[in-house]
Amino acid sequence: MKNYLLITGMFLLLAGLTEQHALSQGVLRKLREKAQDEIIKKALGEEEGETPPAQDPSRPGMSNTQGGGLSTEIPDVDENIRLAQTAYGSKNYRDARYSARQALLGVEMTMGHRVLENLPQSISGLQAVTEEDQVASTGVTLTGLIIERVYRSNDQELRITLGNNSVLLSATGMYLASGNVTTTEEGQKIIQFQGHRAVIEYDDHTGYTLSVPFGQSSIMVVNGVNFASEEAMMNAAGKFDINNMKKQLGEQ
Amino acid sequence: MKTLTCIFSFVLLSAASFTGKAQDVPAKLNEALAAWEAGQLENARYALEEALNGINHTIGKEILDLLPTSMGDMAMVAEEDDATGTSMGIAGLFVQRNYRNGEKNASVEIVSDSPLLSGINTILSMPVIMQNDPNQKRIRLGNYKALMTRTTDDTGKVSWDIQMPFGSSLLTFRCSGIEDEATVTGLANTLQVEKIVAAAQ
């Protein structure tokens, strides 16, 4: 039953995160590849600082050696609402929809960043890795707003993921709150977390995972790797203030 | 399985509760702007969602105007026309028109952000998959590829589904009570798909 609950209730949340994970995994992969390249160069006796060839002989055309990537600016909400008003007034409904969606994206991204600003900078000795902070808004699709932060040391990691304004998260929360989940299965149990019904799980590979649906359509998922005990995990997760998050996300 | 059933029931209940009327779009946009400028993010978000529903409703009504008023000898059921600005509780596009004549019926449905899209696109791009299924084939609606599926129920009644993905949207033409495939594709091709796509995207 635990698998059904998690798979069904959060598959779109995770689907929304896939892109974000893919992004961070891509960065990690590049770093790893770079490190491997350095090792190979040293093994082959190549000098450091050697200029790489401008062109891969196996691929015609020029290799990209510079560029700042894509900008991650939050859409201008004021401007997009005004554009939507103008477009709708001139019966250009497609542009009106696009601008309204951009404005919505801007609002949700702003909400996400405000939540991140109010999360602790360190928890149980683990420092926030703010450069890995993630805010993803899918605007008006099933997954809604996704916020993620990681706290890490050399051998421990605590990852908090917040999902908000999602239809399926709403359904999961209602199901958990309905009292239908009363059994204790191996590797999971139902607990109370800051006055909310929650599920905590343990897996040898992924560690502890605490899932707390709150409000009408939100969920907090905290994953702890290499925590010595459930108590240590709960002490760390307890530093997150659900009521404060509810206020920032406009939840009831 | 019981858990799955419960969760999907909640989802369907949620979807049913979201089929609201068109919103006053300019008023909702003004409301969103005022809330944003006042720093009330949740209110701004809610107003923008309502505005989007309203815009989608307006687009939906335009699409309904593009749909034929009859399909062969089946007349449209005007009171069942649906142009709600939501699909599955999400601010997207949902348009439906039904046609009926005795045992025969047909419907046209346009849904944006449809979860079925990726599966249909996969089948359409890999026609070899369909070689093993005699009840499925690729056809064209206007200039668009579509997936045609034939089903027969226990009583022997034949039904047809024609699914045409475009962008992030899906147009579905359903028909039952007609056995002849050519008749069904002829009916589906009375749709002005290019104009519908232009309005919906």
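What follows is a quick chat about this predicted model.

Q: What ipTM and pTM does the predictor give the complex?
A: The ipTM is 0.74 and the pTM is 0.71.

Q: And what does chain B average for pLDDT?
A: Chain B comes out at 82 on average, with 75% of the residues at 70 or above. Residues 1-22 of chain B are below 50, though, and that stretch still has 33 contacts in the model beyond near neighbours in sequence.

Q: OK, switching to chain A. How many helices and strands?
A: Six helices and nine strands. Chain A has 252 residues, and 38% of them are buried.

Q: Which domains does chain A get?
A: Domain 1 covers 74-117 and domain 2 covers 121-252. Eleven residues from domain 1 of chain A and twelve from domain 2 of chain A take part in the contact between them. On the domain 1 side, that's six nonpolar, two polar and three charged residues.

Q: What about the largest nonpolar core, how many residues has it?
A: It has 94 residues, and Met220(A), Ala32(B) and Leu48(B) have the most contacts inside it.

Q: Where does that core lie relative to the two domains of chain A?
A: Between them, because domain 1 and domain 2 of chain A both give residues to this core.

Q: Leu48(B) then: what is it in contact with, leaving aside neighbours within four places in sequence?
A: Ala100(A), Ala103(A), Leu104(A) and Val107(A), plus Ala32(B) from its own chain.

How values were computed: Residues are numbered from 1 along each chain as its sequence is written. Chains are lettered from A and ligands numbered from 1 in the order in which they are written. This is a predicted model: local features need pLDDT of at least 70, side-chain atom pairs count only at pLDDT 80 or more; totals for chains, interfaces and linings use all residues. pLDDT is the predictor's confidence in each residue, from 0 to 100. Two residues are in contact if their C-beta atoms, placed from the backbone, lie within 7 Å. Helices (H or I, at least four residues) and strands (E, at least two) are DSSP runs, numbered from the N terminus. A residue is buried if 20 or more other C-beta atoms lie within 10 Å of its own, exposed if 12 or fewer, and partly exposed in between; C-beta atoms are placed from the backbone. A nonpolar core is a set of buried Ala, Val, Leu, Ile, Met, Phe, Trp, Tyr and Cys residues joined through C-beta atoms within 7 Å. Domain bounds come from an automatic or database domain assignment. Ala, Val, Leu, Ile, Met, Phe, Trp, Tyr, Cys and Pro count as nonpolar, Asp, Glu, Lys and Arg as charged, and the others, Gly among them, as polar.
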